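One request is followed by one connected answer.

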Amino acid sequence: MCRARRRRFDSTRASIVARAGVDSTPAGRRARARGCTLRVAIEPRPRWRARSAARASRVARSSARDAARAPQSRATTATTMPATTHATMRATSARATRARTTATATTARARATTTRVAGRRPTRCAVSASSDAAHAEASGAIDWHAMGFGLTTTAYMFKATCELGGEWVVEGVVPYGDLSLSPASAVLNYGQGVFEGMKAFRTSEGELLVFRPDENAKRCEEGAGRMSMPAVPRDLFRDAVLRTVSANAEYVPPVGMGSLYLRPLLIGTGAILGLGPAPSYTFLVYCSPVASYFKGGQLTPIDLTVEETYHRAAPGGSGSTKCIGNYSPVLKVQLEAKKRGFSDVMYLDAKENKYIEEVSSCNFFCVKGKTISTPSLQGTILPGITRKSICELAAARGFTVEERNVSIDEVMNADECFCTGTAVVVAPVGSVTYKGKTVKFCDGKVGPTSQAMYDELTGIQQGKLPDERGWNVKVPKFPISG
Ligand SMILES: Cc1ncc(COP(=O)(O)O)c(C=O)c1O
């Protein structure tokens, strides 16, 4: 290695290890004074560990390698973003620019280390350093008024990896970007993956709050068990989510104008030919600012049709797991329903075709007098965190809350119906169509219970109402470097 290269290499290495607090050499002290250039989580953790300096430089290497492909990745990102997303981008904010500049600097540093290190293992899931390019596309100040539930890519995501039987190795907050996967990876071939959906909100005091992240951590852990994947330790899950929000703080919409939707994703990335668990796993948290899920805005009543032929899940299946394979099968039915003017589809139980299960991506409630009923958790529906919260809030308001079999006949005679979910929040049901008969609820307007539940839930989430149950977790300001 020539002297100049050696010096650059040493200086990059020193800045990594200095950041990790393990290098007290003059080079390390100089690097510390300069600040960190790579996003590496460094604190020792009880059940998972940060990447070592050596592994960190491999991250830099893979990032730099992907940087060489930046134009191609940029094109990919651009085409996967809905046109409306591009259309809503406006002039960038100063802080967003700063974040982008940091990402670019990181890429440049990463590039500097590349040429000096050998290639990476083929099964590795690489984070593309071209994410600063993706971010450049997306980080113009967003027209918050025009936002729906489309993907707007942000500056950063969180990443950790794990070998089967090993412990989690944390890369920490890294630039958002594409993944590089083996064609034989378990997630691509066998759908070995679970995901979560959760939200962060901005309060009028300028705080950032995440709603019940420990519930998502628990559900993710249970899902990992169902899909034979190593669970993400709950403290790692929570830390990952909070760091992702902190790093992407610019993208949390102003109070009352939406939220930052967080998507933790646990996938079997390792290559395997025969059916079996992947040899390695990746845990990511990426995010996107969002507003209303359904057309027409929050609290616009939705029209549902009851599906009689297809079922979403069956007893003994994986309906209660948020596994990736549960979602594409609903698209056929959902798309056909949308063509017929419906907002979404309600599924019935697979055994008797008589009891409500849930809607494609949300739970279902119906109201009769002072009783609120929702399908019980028997393994075929997702145990929604919003569902659980609404049950508690409704009970506290004096409703009788029943978790039991809810028949479609009962729904057709209800006073009011609504759906719940992280994405949909509380969505009033304007009508249900079953066997050619349509029943309208509350004259197709927002019912009083839906309105009350929506107001209370969003009030707590946005810090407008007291959080008596301690559901919100405040996001600390983490340094961007880890
Ligand atoms: C199938 C399904 N049901 C229900 C829900 C609602 O769950 P949660 O309230 O935890 O978002 C979701 C959304 O995640 C879902 O995908």
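The request and the answer follow.

Q: Please examine strand S10 (residues 280-290) closely: are its residues buried or exposed, and which residues cover its two faces? Please also state how many bridges join S9 to S10 and S3 to S10.

A: The model is predicted, so local features require a pLDDT of at least 70 and side-chain atom pairs count only at pLDDT 80 or more, whereas totals for chains, interfaces and linings use all residues. Residues are numbered from 1 along each chain as its sequence is written.

As background, the protein chain comprises 14 helices and 20 strands, taken as DSSP runs numbered from the N terminus (helices H or I, at least four residues; strands E, at least two). Of its 482 residues, 48% count as buried; a residue is buried if 20 or more other C-beta atoms lie within 10 Å of its own, exposed if 12 or fewer, and partly exposed in between, with C-beta atoms placed from the backbone.

Strand S10 is largely enclosed by the rest of the structure, because 11 of its 11 residues are buried. In a regular strand, side chains alternate between the two faces of the sheet. Both faces of S10 are covered: one side carries Ser-280, Thr-282, Leu-284, Tyr-286, Ser-288 and Val-290, and the other carries Tyr-281, Phe-283, Val-285, Cys-287 and Pro-289, all buried.

Two strands pair if DSSP finds at least two bridges between them. S9 and S10 run antiparallel and are joined by 10 bridges; here Pro-264 stands opposite Val-285 in S10. Strand S3 (residues 156-163) is also antiparallel to S10, with 6 bridges, and Lys-159 stands opposite Leu-284.

Ile-267 counts as buried because it has 25 C-beta neighbours inside 10 Å.

Across the protein chain, 73% of the contacts between residues at least 6 apart in sequence join residues at least 24 apart.

Conventions
Contact = placed C-beta atoms within 7 Å.
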